[in-house]
Amino acid sequence: MRTLGSMLPSKQYKIAGETLYIYAPLAHRLGLFAIKTELEDLSFKYEHPDTYDNIKKQIADSEEQRNSIFDKFATPVRAKLDAMGLKYDMKARVKSVYSIWNKMRKQNNDLDGIYDLFAIRIILDSTLQKEKSDCWLAYSLITDMYQPNPSRMKDWLSIPKSNGYESLHTTVYGPDNKWVEVQIRTKRMDLVAEKGLAAHWKYKGIKSESNLDT
């Protein structure tokens with residue numbers, strides 16, 4: 001897919017279609033999120049080049065606003081997490097172009113109307129024994145500060161996805177009257193979310209293991 005630019009347009013379109021129909025879903029099923037995302041974006045780039053370029057430009061144009069929201073959100077949250085003695089990394093992650101386009105299509109909306117355009121990810125450095133309690137503690141601190149949207153709460157800590165994905169997701173009413181998606185997980189969970197089965201083998205005896213093995 002990375003070398004598709006050197007091929008004839010007819011071949012580009014055929015391979016992009018195959019990738020989006022077969023290989024991206026397969027990567028998703030195996031929990032290979034990083035590969036899934038890249039395959040989807042590359043396929044979309046060749047199937048809908050103008051739409052792809054347009055969304056990329058809009059994402060770039062809104063970067064300053066996103067950075068401002070992140071800074072306003074993160075400063076008080078960091079103070080609370082630090083006060084509780086939690087070790088963590090916090091970063092903002094923009095959704096992929098393909099994911100944004102899918103949301104625009106399903107919600108019949110433009111880019112400005114997609115309120116979870118980017119997510120703030122809090123990755124905790126926790127021991128295996130304290131993973132869940134640390135995640136729920138961080139969740140409690142954030143929802144005490146910002147009003148959560150109950151319909152957007154997703155608990156994949158108690159019951160991980162079949163591909164091994166574990167995380168807490170919530171959407172809160174953040175700075176500048178904007179809804180902000182927050183994902184809370186540990187370093188182990190983040191590695192498994194990005195690398196799937198390959199990362200999973202580093203951690204034997206985890207609850208989600210049987211689902212991944214199956």
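This is a predicted model: local features need pLDDT of at least 70, side-chain atom pairs count only at pLDDT 80 or more; totals for chains, interfaces and linings use all residues.
Good morning. A pocket here is an open set of points on a 1 Å grid over the protein atoms alone, where a 1.4 Å probe fits, with protein on both sides within 12 Å along at least five of seven lines; lining residues have an atom within 4 Å of a point.

Residues are numbered from 1 along each chain as its sequence is written, and side-chain values use heavy atoms, with hydrogens and water left out.

There are 32 lining residues, and the closest to the pocket centre are His 28, Phe 33, Lys 36, Ser 99 and Lys 161. By class, the lining has 14 charged, 12 polar and six nonpolar residues. Nonpolar means Ala, Val, Leu, Ile, Met, Phe, Trp, Tyr, Cys and Pro; charged means Asp, Glu, Lys and Arg; the others, Gly among them, are polar. Helix 5 (97-107) is among the elements that supply at least two lining residues, as is helix 2 (33-47). Helix 5 contributes the most, six residues. Helices (H or I, at least four residues) and strands (E, at least two) are DSSP runs, numbered from the N terminus.

How do these two helices meet? The axes of helix 2 and helix 5 come within 8 Å and cross at roughly 70°. Helix 2 is therefore roughly perpendicular to helix 5, a label for angles of 65 to 115 degrees. Axes are lines fitted to C-alpha atoms, for helices over the stretch in contact, and angles run from 0 to 180 degrees between N-to-C directions. Glu 40, Asp 41 and Phe 44 of helix 2 touch Val 97, Tyr 98 and Trp 101 of helix 5, contact meaning heavy atoms within 4.5 Å. Four of these residues are nonpolar, two charged and none polar.

Finally, Arg 121 forms a salt bridge with Glu 194, their closest N and O atoms lying 3.4 Å apart. The definition requires a side-chain nitrogen of Lys or Arg within 4 Å of a carboxyl oxygen of Asp or Glu.

Methods:
Angles under 35 degrees count as roughly parallel, over 145 as roughly antiparallel, 65 to 115 as roughly perpendicular and the rest as oblique.
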